[in-house]
Amino acid sequence: MKKWFMALMICLIFIGANHIVYAEQTMVQSTDKNGQITTYGELVSTMKLNGKEQNLNNMPGVIVDGKVMLPRYLAFKKIMGMKISHTSTTITLKTKEHTAEFTMGSTKALVDGEEVDLAIAPFSAKFVVTNENTMMLPAEDIAKIFGYEYSYDAVNQVVSFEREGGIELSYGGLSYYYKDEPIDLYVDGKEVDTAISGFFIDECDFVPAWRISKELGVKYSKSGKKITMTRGKYKVVFNIYKTNATVNGKAYTLDVAPTYIKDKENNVGAYMVPGKVVAEALGFGYEWNEEDYSSSFKKSEEYQIAIPLPEDCQDENYETNDDYFNNRFEIILDGNYSSFYKTNLVSNPYFAVDKVSVSTSNGKTKIILQTSEIKGYRLKEENGILYVKVGTPKEIYDKILVLDAGHGGTDPGAAGNGIYENNCTLNIVNAAKDYFDEDGSIKVYYTRTTNTQTNITSGSNGLNTSTSLRARTDLANKVDADLFISVHINSAGNTTARGTEVYYSANNNKKNSGGLSASKLAQMAYDSVVKAVGSSKRGVKTANFYVIRYTNMPAILIETAFISNKQDAEILKSDKKIDQIGKSIYDTVVSAFDKYPTGR
Ligand SMILES: [Zn+2]
């Protein structure tokens with residue numbers, strides 16, 4: 001028992017003695033400008049960073065006026081990971097957050113461009129054992145500048161730097177203390193298990209480029225400082241440490257440069273790129289949730305175009321215009337958002353449309369989707385993004401009608417009792433349009449909605465009447481409509497002739513996919529329209545009028561009433577009657593689709 005105690009005592013003395021010997025051997029001196037040599041007796045041999053002990057070996061810290069001074073390279077670069085640069089009289093310590101410039105012999109330092117006072121001026125010291133000179137910096141001041149809790153244990157000669165929670169990162173080679181939650185990555189609702197997570201830094205949702213490419217099925221390649229992510233013909237090229245990127249061949253400026261981020265604690269790193277830009281450039285749905293720090297990508301290919309919406313235009317606060325005669329679809333926002341769309345991309349990775357462009361004029365912003373043929377469009381808004389699905393009209397709409405207002409342009413049609421056919425047919429079609437617009441469940445292509453429209457009528461585009469008729473059947477056949485209805489007004493030399501007739505062509509009386517034939521449609525329309533007009537009942541008839549003969553779907557032509565008859569003309573002059581006739585056409589179409597559903 002006694003022997004054992006003695007052994008312990010000897011051991012303790014030996015450790016103590018050894019420590020003193022070490023301190024004496026690593027004596028530190030400095031020489032001032034008058035040649036006066038100072039020898040530092042009290043040394044700091046251990047530095048603790050976030051609880052982890054680091055031995056300062058042959059380059060210990062020293063105490064000056066009760067304050068700890070530490071060697072620049074060992075303490076601040078090697079242990080704390082700061083970037084150091086120096087001149088003969090200054091030294092700069094840099095992390096992602098702060099830059100501090102110290103001057104030899106001065107108690108003034110520049111921190112992020114502002115002057116701060118130091119307790120002790122930096123000075124150059126010589127380590128006697130290694131015969132090395134280095135700059136000594138005030139530990140407590142540096143802790144304060146870079147956001148560490150600081151303490152010094154004089155008994156054990158241990159100086160401590162501590163930060164609670166957070167993650168020590170290297171951000172593009174700069175030490176960075178990340179205080180937020182790491183970003184959790186999700187693809188189609190499933191969490192991605194990654195060695196290194198994403199990080200939200202400088203308002204940028206950094207995600208690991210290689211890992212997210214793999215999860216999204218995107219081709220990833222890195223060459224030098226370029227990262228290329230490719231999906232089909234669409235690609236985004238990032239330049240590491242630079243904000244200039246290329247998105248689908250066009251220059252694009254990022255808010256924050258892609259960078260290499262290393263999680264120092266777990267010793268894993270990755271090239272990081274902004275998640276939102278990746279998603280928008282390559283056409284994925286994307287949601288950044290700042291509440292729980294999650295980045296959710298959606299691979300779903302149902303919606304091929306993603307249009308970010310400015311906050312004021314969200315919740316369907318926009319208009320659309322299907323300009324099908326020009327093969328384009330417009331989303332119209334109230335306000336000038338040209339700068340918004342310089343930083344928020346409209347993505348079109350599936351070539352759903354030939355071209356997407358954004359134009360602003362008269363306080364409106366138009367997002368224009370241009371195609372080479374008539375397409376259907378389905379919209380869905382989610383989390384501030386307007387998703388657009390593009391397809392053939394039949395792929396998009398389950399009920400398609402082509403509604404034709406007869407004549408128009410330079411062709412007035414029949415005339416009588418002070419009115420013209422082209423105006424009457426247009427009034428009826430536009431009255432029906434009000435009902436279709438309100439309903440919204442049936443896609444209606446109108447051959448014309450004005451009297452000056454030149455796309456379809458024999459107007460300034462030089463079309464004659466026969467090609468005008470051809471243009472009408474072409475439209476119906478191109479969109480592969482389910483139904484075609486042409487509205488006309490009758491005329492006769494005998495001014496007593498009056499009433500309603502509905503025509504179909506016996507040469508075009510095949511049933512459509514829903515089992516509806518032209519003759520059945522003609523009967524339904526007749527029953528409905530004849531009531532609304534309230535004139536004579538002249539019946540359903542057959543004829544080979546061009547528009548009902550050369551259409552590929554159940555097609556009818558309504559001779560609403562006689563312009564040559566005084567009473568019928570009064571009906572056609574009445575707004576109330578026009579509205580009722582328009583509604584009778586709308587009702588016919590609704591019940592035709594109800595009774596003979598298309599099955600789409
Ligand atoms: Zn006519």
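## Terms and overall form

A helix here is a DSSP run of H or I at least four residues long, and helices are numbered from the N terminus, as are the strands. The model described is a predicted one.

The protein chain contains 13 helices and 46 strands. Its C-alpha atoms occupy a box of roughly 135 × 60 × 40 Å along the principal axes. The radius of gyration of the protein chain is 40 Å, whereas a compact globule of 600 residues would have one near 25 Å. Of the 600 residues, 38% count as buried. When contacts between residues at least 6 apart in sequence are considered, 61% of them join residues at least 24 apart.

## Helix H10

Helix H10 covers residues 518–533. The expected span is 1.5 Å times one less than the number of residues, so the 16 residues of H10 should span 22 Å. The end C-alpha atoms of H10 are 21 Å apart, which agrees with that value. After H10 comes Gly 534, which has a positive phi, near 70 degrees.

Twelve of the 16 residues of H10 are buried, so the helix is largely enclosed by the rest of the structure. Among these buried residues are Ala 518, Leu 521, Met 524, Ala 525, Val 529 and Val 533. The buried set also includes Lys 520 and Ser 528.

## Nonpolar cores

The largest nonpolar core is made of 62 residues. Ala 481, Ile 485, Ala 525, Val 529 and Ile 556 have the most contacts inside this core. H10 gives the most to this core, with ten residues.

Leaving aside residues up to four places away in sequence, Ala 525 touches Ile 485, Val 502, Ile 556, Ile 558 and Thr 588.

## Met 135

Met 135 lies in strand E14, which runs over residues 132–138. A residue is buried if 20 or more other C-beta atoms lie within 10 Å of its own. Met 135 has 21 such neighbours inside 10 Å, so it counts as buried.

Not counting residues up to four places away in sequence, Met 135 touches Arg 72, Ile 91, Met 104, Pro 122 and Ser 124. Ser 124 is eleven residues from Met 135 in sequence, and their C-alpha atoms are 4.4 Å apart in space.

Notes:
Residues numbered from 1 in each chain as written. Predicted model: local features only at pLDDT ≥ 70, side-chain atom pairs only at ≥ 80, totals over all residues. Helix = DSSP H or I, 4+ residues; strand = E, 2+ residues; numbered from the N terminus. Contact = placed C-beta atoms within 7 Å. Core = buried A, V, L, I, M, F, W, Y, C linked by C-beta atoms within 7 Å. Rg over C-alpha atoms; globule rule 2.2 N^0.38 Å.
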